[in-house]
Amino acid sequence: MRERRTIVDTWWYTILLMWSVTILFPMIWVFYESLKTNQEFFQSVWNLPEVLQWTNYKGAWQKYGIGSAMVNTVYYVGVSLVIGTFLTAINAYVLTRLEFRGRKLMWGIIMLSLFLPGINALIPQYILMRDLHLTNSLTGIIILDSFSESAFYLMMLSGFMQSLPKELEESGAIDGASIFQIFFKIIMPLSTAGIVTVAIFKCLALYNNFLGPFIYLGDPGKYTIGVAMYQASQIMQYKADWVTLFAGLMITMIPLIFMFIFLQRRIMEGATLGAVKG
Amino acid sequence: MNELPNPVAHVAAPQNQQWKQKAKFQKRLFIFLATFPAFGGYMLFTLYPNLLSVYYSLLDWDGIKEPVFVGLNNFKDMLQDDYVWRALWHNVLLMVTITPLVVFISIILAYLLANKGYRFHSVFKVLFFFPNILSLVAVSLLWSFVYDGSFGLLNAGLRLIGVDIGNYYWLGEKKAALWATIPPSVWGAVGFYFVIFLNAMSTIPKSLYEAAILEGASHRVRLFKITIPLMTPIIRVAVLFLMLGVFKGFENILILTNGGPSGSTDVIGLYMFNIAFGVGIHNYGYASAIGMMLFVILVATKLAIDKFTTNRDSEY
């Protein structure tokens, strides 16, 4: 009996290890190849690099315009994140804790978006953006992404804000605080944990956003990192400069890796938070 | 008590009134400032385009010339368009493979971590989740390198274990390409569902398992007789999300193959996307019609699954 158990245990363990290898191996492989020369890479996928070619990273940075793409990405993500998160926070507060006419209707209209597949709006949205002269500009996608309210984030935060005691606002009002003060001085600080979670998720989503920037940004000088890497991979087929492309892919993953290392607990908790509600 | 005049209230009343008025105004202003930008943006960039797409689907329009109203012609064309049916078929194939694979793998992984108390528990947990935060671009590019015929990791690995298939370009072969798009999707999605299932499992009372162990139930019996039945509601939600996600998704395929070789990986979202934004084609009317169909399918699928799964529940 005991014997059999160990064997089964080993089997189970093997499954865990196998999946770990499946996850890690492709990424380690790309990292490892990114430090070779092209010749070394063409000779054999398995050979160790003789000298670590960190210059590939510099090469990718310059050849694929990753430098400017990074600047664009930081600008796009940063601005959309600040505006978007602030709007989500203030909206969640108004829609969950204040009584006013039309509140339920507004909430219902926003929740409708959960049923609308984004792809359906793509074409009219594109025409609209074109007519507003917002295509091929980072400002355009920033406006689009910071003002497109997402029911998902709103739900995440409203659950959080609902749990705050009602007395907070009442005592604030008795002390003569205006609603602006109540929101900024009481509600916002108390909801920090929820707001930060929303911000992290928005940040990941914006950094990873491909389709929007791909549709709206035509000029290579305006590419975000995802679009730049996609275009680089399309060109690569004719240039056979693999190692630089590997380096480029690593560069796009590095911010995510760091973000995940530092915020993994929050990210994983937040993911379930949203899912349980949805 | 009522007859007694309250001097304080009497004096304070007008001031109080004014203060109340001011607070009311402030509240209104606040509500307006708080909701207008985001709600307005939502109406403008999400809701209005969604409604407009209904109208666009009735037009023959390339976005530049004067639109021509053609009624339901786009929908008629669509029914006769073999590419639409081929793309839909691919969607169905992906849906019925990716969904069970993701659910199955993530349940097994979650069960192992939830019930075995392994060391490195949290390392596994974090590692498994990681692919989920990578972008579709990163995941797709990574896998396109793995799949490369001449220098890809997959063929090199196969050679290492004695299977030499030469320079087989997984994404360039009509027969293999569609199947090759499955592993990247599974690889990228398992982490999320694994964490969801893991959390759900941790709420199952330990005593149930203890009783089962006393009766000599094996892991397999415990998994299928206790864990999975108790998690049915959450599995149902996962299945729904996965199915709808696979039906809507096309970015990964856009990056991996852009529908090629010769349409063998085309899915409905990608077909629509390429008709609208592809090189040299801007058939906005027709693409909108396809979008409408996709919308109807998604809603119908959701309703069907809801109905089906609730019926199943009542049997218990």
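Predicted model: local features only at pLDDT ≥ 70, side-chain atom pairs only at ≥ 80, totals over all residues.
1. Twelve aromatic residues drawn from chains A and B form one aromatic cluster: Tyr126(A), Phe210(A), Phe214(A), Tyr216(A), Tyr230(A), Tyr55(B), Tyr56(B), Trp61(B), Phe250(B), Phe273(B), Phe277(B) and Tyr284(B).

2. Aromatic pairs may be considered next. A search of the whole structure over all chains returns 46 aromatic pairs. One of them is formed by Phe180(A) and Phe30(B), whose ring centres are 5.2 Å apart and whose planes stand at 90°, an edge-to-face arrangement. This pair joins two chains, because Phe180(A) belongs to helix 10 (residues 179-190) of chain A and Phe30(B) to helix 1 (residues 7-56) of chain B.

3. Are the two partners of this pair buried or exposed? Phe180(A) has 25% relative accessibility and therefore counts as partly exposed. Phe30(B), with 1% relative accessibility, counts as buried. The cut-off behind these terms is that buried means under 20%, exposed means over 50%, and partly exposed lies in between.

4. A further pair is found within chain B. The ring centres of Trp143(B) and Tyr147(B) are 5.6 Å apart and the planes meet at 50°, so this pair is tilted. In general, an α-helix has 3.6 residues a turn, so residues three or four places apart point the same way. Trp143(B) counts as buried at 10% relative accessibility, and Tyr147(B) counts as buried at 5%.

5. Helix 5 of chain B covers residues 136-147. From first C-alpha to last, its twelve residues reach 16 Å, close to the 16 Å expected at 1.5 Å a residue. How many of the twelve residues are buried? Eleven are, and helix 5 of chain B is thus mostly covered. The buried residues include Val137(B), Leu141(B), Leu142(B) and Phe145(B).

6. Helix 4 of chain A (residues 66-97) has 32 residues and reaches 44 Å between its first and last C-alpha, close to the expected 46 Å. Since 23 of these 32 residues are buried, helix 4 of chain A is largely enclosed by the rest of the structure.

7. The largest nonpolar core has 194 residues, of which Tyr93(A), Phe197(B) and Ile290(B) touch the most other members. Helix 3 (residues 82-116) of chain B gives the most to this core, namely 17 residues. Both domain 1 (22-69) and domain 2 (83-309) of chain B supply at least three residues to this core. Beyond its neighbours within four places in sequence, Ile290(B) is in contact with Met78(B), Val84(B), Ile268(B), Tyr271(B), Met272(B) and Ile275(B).

8. In chain B the annotated residues include 88-114 and 284-305. Residues 88-114 of chain B are 100% helix, with end C-alpha atoms 38 Å apart. Residues 284-305 of chain B are also 100% helix, with end C-alpha atoms 31 Å apart. In chain A the annotation includes residues 12-32 and 182-207. Residues 12-32 of chain A are 100% helix and have end C-alpha atoms 29 Å apart. Residues 182-207 of chain A are 96% helix and 0% strand, with end C-alpha atoms 33 Å apart.

Terms used: Residues numbered from 1 in each chain as written. Chains lettered and ligands numbered in written order. Heavy atoms only, no water. UniProt positions renumbered as here; feature names shortened; annotations may be inferred. Helix = DSSP H or I, 4+ residues; strand = E, 2+ residues; numbered from the N terminus. Expected span 1.5 Å × (residues − 1). Buried < 20%, exposed > 50% of the residue type's maximum accessible area, 1.4 Å probe, protein only. Core = buried A, V, L, I, M, F, W, Y, C linked by side-chain atoms within 4.5 Å. Domains from an automatic or database assignment. Contact = heavy atoms within 4.5 Å. Phe/Tyr/Trp six-rings, centres within 6.5 Å; stacked < 30°, edge-to-face > 60°.
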